[in-house]
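Dear colleague,

Please find below the structure that I am handing over to you.

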Amino acid sequence: MAEVSVATFEARMLIDGKLVDGESGTFANINPANEEVLGEVADASKADMNRAIDAARRTFDETDWSTNRQLRKRCLEQLHEAIVGEVEDLRDELIREAGAPRAVTHGPQLDAPLADGLRYPARLIETFPWETDLGDTVVSVTGVNTTRKVWHEPVGVVGAITPWNFPFEVTINKLGQALATGNTVVLKPAPDTPFNATRLGRLIAEKTDIPPGVVNVVTASDHLVGEELTLSPKVDMISFTGSTVVGKRIMEKGAATMKRLFLELGGKSATIVLEDADFNTACLIGIGPLMHAGQGCAAPTRMLLPRSRYDEGVAILRAIYENIKPGDPQDPSTLCGPVISAKQRDRIFGYIRKGVDEGATMLVGSTEPPTEFDKGFWVSPTLFTDVDNAMTIAQEEIFGPVLVVIPYEDEDDAVRIANDSVYGLAGNVMSSSLDRSLAVARRLRAGFIGLNGTAGYGADTPFGGYKDSGVGRQNGLVGFSQYTEVKSVAYPAQ
């Protein structure tokens, strides 16, 4: 496998069109597979963050970025081409800093979002109903024959805060829609995975016509530096993907300045396997929590099996979990790589021990790291059976390679269990009858439902959740619209 030199990583931030160092020095970016230091990256202070906010505010208020749609379209197309030109370096970068298995980078980690994350919103610039004509009417309160219009305008300055699990995927979908709608952006990537964001900053500065201040990339080891985005009255909107706990804090802290919010938060997604399903196919969705070591908000981490076929389904799942081992993310055959950090590894093992303590059967897995790795942050695929939905491992987001299997009595019981969660991000229904699976899907309180192993992923597909899984949607026309304000305009008919 070709090695990538540390020198290819971008250490600097992008503030007001310039690649700069951080006032707080640098911090190390660690490879989670082997704990090696990949390199150092700029460590921003609160003053650095506020310089970026000021640049974004000034650029939005004083330039034509918000109104020049052709410029925005050209710039998004340029950025897409610039990323394509470095896609293999970016792929290795994501494998190294996120521990992303190489196979997963050919799907949702890189190739899938790159395909249309910028190009779809660039096309929408041409077709979006920026202005809607409501027609002329005599308005009762004035008695005047009036022309009425509805305009969509950009929100203003967007603070985009991104996670470490799918960093490029989330970042490119936030940038694409926020920029296409005419906003300026301050991007704060997770400190665990900063290099893909600083690479984007360099490409923006060197390969595009995006004006200075339109996009700012601020890396910091201190999470409170990112909170400046939530507190600043100069920032109009927060677009955040991450944990529900942090999302609630953003809502609380942003209330003082009435921040517009898009929050894509946690999940505890349930797969309902109906008794008429082909179990050899249906139970394969149990692989989902192993992809990227289960570090995905929509991972199908609860599987609901009919009691009448429970043992059959468990036997299939056991074979899967006993035969998939964590491995080197550079290996194309690896599905389950490392978890992001020692802190995350220890958190996952805390949940595994909790499951055992509460009476679930750990059919496959361990309460300790696998012994074949001298370094890195590793958790073996773990399968729990005999799980009650009230148990901690069935209610809380573990964010690791852990599947819990829950029996149900009938279809109503399955729907009840699936909906018995504070989360409502995603879900799956497996059945031999499309009509039946569609009927069950309508009863599920979740925002993203796949039937019989499918998933509607794409830049044109809204993604987000009900309940504690968030507010708003990423992608699609709905996601595009949330980066706009709506203005109603009336004037005497001509």
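Which side chain does the side chain of Thr 241 join in a polar contact? The partner is Lys 174, at 3.0 Å; a polar contact is a pair of N or O atoms within 3.5 Å, where within protein one must be able to donate a hydrogen and the other to accept it, and residues adjacent in sequence count only if both atoms are side-chain atoms.

Please note that this is a predicted model, in which local features need pLDDT of at least 70 and side-chain atom pairs count only at pLDDT 80 or more, while totals for chains, interfaces and linings use all residues. Residues are numbered from 1 along each chain as its sequence is written, and side-chain values use heavy atoms, with hydrogens and water left out.

Thr 241 belongs to strand 10 (residues 237-241), and Glu 264 to strand 11 (residues 260-264); strands are DSSP runs of E of at least two residues, helices runs of H or I of at least four, both numbered from the N terminus. Thr 241 is buried, with a relative accessible area of 6%, and Glu 264 is buried at 2% (buried means under 20% relative accessible area, with a 1.4 Å probe and protein chains only).

The two residues touch each other (contact means heavy atoms within 4.5 Å). Not counting residues up to four places away in sequence, Thr 241 also touches Ile 161, Thr 162, Pro 163, Val 170 and Lys 174.

The largest cavity has about 100 Å³ of space, a volume being the space filled by probe spheres set on the points, which are joined across faces, edges and corners. Its lining comprises 15 residues, with Ala 270, Arg 302, Ala 418, Ala 426 and Ala 446 nearest the centre. Helix 15 (411-419), strand 17 (423-424) and strand 18 (426-430) each give two or more residues to this lining.

The second largest cavity has about 50 Å³ of space.

Yours sincerely

Methods: Buried means under 20% relative accessible area, exposed over 50%, partly exposed in between (1.4 Å probe, protein chains only). On a 1 Å grid over the protein atoms alone, a cavity is a set of points where a 1.4 Å probe fits but cannot get out, and a pocket is an open set with protein on both sides within 12 Å along at least five of seven lines; lining residues have an atom within 4 Å of a point.
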